[in-house]
Amino acid sequence: MSRPHRRRLHGIERAGAWLLAPVVVALVPVTGFEAYALHSRLTPTSYARGGAFGTGTPGATTPAALAPTSTASPRTKPTAPPTTTGPARSSAQRPTASSVSAPAPRSTPVSTAPLTSSPQPRTSAPTTSARSAPRPSRAAVPRPRTGTYTLSVQGTEAAKFGPIGVCNQTLPTAATLTISPATDDSATSYDFDLRFYPGQPDKHDERHIYRYSASQVLLDYEQATVTCGGVKQSTTLPYTPPQVRAQLPLTVGATWHSRGGSSDRTEDATSTVTGTDSISVDGIAYPVFVIRTDVTMSGPESGSRTQAWWYSPALAMPLRIYEKISAHKSGGTYNNEYTATVTSLPR
C-alpha cells in the first residue's frame, strides 16, 4: 500500500496548471508580470511524491529550460475514444469530439503510424502477427518495464480568463514517457513521467503514480507542470481513495466506478472495457483492451473529462492514451485534447 497522500495535485489535470497565471496578469503591472514570469520559469519544480522527474530518484528537477515555444505546424485532431452505444462506423470516418459512435469490429492490427482515425476495438481476441507478445500469468502482480519510451502525439491545449485567451498551443508530435519505481512509495508503485516537450523541462510535464496488485491498477497521485504565456504553474492532486484504472483480469463489457480526489476537485469516474485490439510496437503486435473512462469533476475546479486506455496485459501499461478535458477554475477555463501512442520500448 502507498503512504498517505501528502499534497494536492493535478488542478489543471493536463492543461489547467496555468490557470492561476491570469490572476497574476490582472493584479500586476506589465513589468511586474514579466519579472514574475521569469522567476516562475527559473524556480525548480519539486515533486512531493515519486522522486525527481524522469529518474525516480529523490530531489527537485532541473530548472525549467528557457527554450522558445515550439513552432510545430497544426495537425489533425486527436483520436476520439470508443463508446459502447450508437451505430457502427467505418474506419475511414474521422471522429469528432462531439460525435463519437461505436466503432465497427475488425480483425487487423492498429498501426502505430501517426493517427488519422479512431482505432476500432473488437469484441473477440485480437489477431496477432507471428511475433506476438506473450501473455502474463493472471496470478502474478503485473509490473511495467522501467526505462524511457518514445511516443507519437497529436493534441492541443488552451486556456482563457474571461474573454482573454492566455494560452493556445499545439503539442509536439513526439514525447517521452519514463517509467521508474516511485521513491518512498509502495514496492509496486511506479512513476509514469510524461514529457510532451523533450529537452524542455516544465514546458508540459505530467506525473502519474500507479500502484499495481494482482487484481487492480490504481492511480494514487498526479502532478502537472505547464509553462504557457510565459508563466510556469505546477499543481498536484492525490486520489483518496485511489482511482481504479484497470480491474484485472480485464474482460470485455466489465465496468467499475471510482470516486476520489481532494477538496479542490473530486472526480466521479465510470470505466468500461469496450473491446479488444492490438497495437504494434518495435515489430511486435501486443493485444490490448480498450478502457473508456468518463469523469465528472466537482468542487472549486469543475468540468468533464474523457479518457481511454489501450491497455496491454503483457506490458502492464497502456500503449495508447486518449485524454480530453474541459473545465473551469478560478474564473478561467481550460481545454485539452491529445492522443499519445507508444512507438518504441526502452532499450
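How much accessible surface does the protein chain have, and what percentage of it belongs to carbon and sulfur atoms? The accessible surface comes to about 14000 Å², with 57% belonging to carbon and sulfur atoms (Shrake-Rupley method, 1.4 Å probe). This is a predicted model, in which local features need pLDDT of at least 70, side-chain atom pairs count only at pLDDT 80 or more, and totals for chains, interfaces and linings use all residues. Residues are numbered from 1 along each chain as its sequence is written, and side-chain values use heavy atoms, leaving out hydrogens and water.

**View 1. The protein chain and its elements.** Here you can pick out two helices and 13 strands (DSSP runs numbered from the N terminus: helices H or I, at least four residues; strands E, at least two). Of the 347 residues, 52% count as buried (under 20% relative accessible area, 1.4 Å probe, protein chains only).

**View 2. The largest cavity.** About 170 Å³ of space lies inside, and the count comes to one cavity of 30 Å³ or more. A cavity is a set of points on a 1 Å grid over the protein atoms alone where a 1.4 Å probe fits but cannot get out; points are joined across faces, edges and corners, and the volume is the space filled by probe spheres set on them.

**View 3. The lining of the largest cavity.** Among the 17 lining residues, His-208, Tyr-210, Trp-309, Ile-321 and Tyr-338 lie nearest the centre (lining means an atom within 4 Å of a point). Strand 4 (189-195), strand 5 (204-212), strand 11 (302-312), strand 12 (317-329) and strand 13 (332-344) each give two or more residues. Strand 12 provides the largest share, four residues.

Technical notes
On a 1 Å grid over the protein atoms alone, a cavity is a set of points where a 1.4 Å probe fits but cannot get out, and a pocket is an open set with protein on both sides within 12 Å along at least five of seven lines; lining residues have an atom within 4 Å of a point. Buried means under 20% relative accessible area, exposed over 50%, partly exposed in between (1.4 Å probe, protein chains only).
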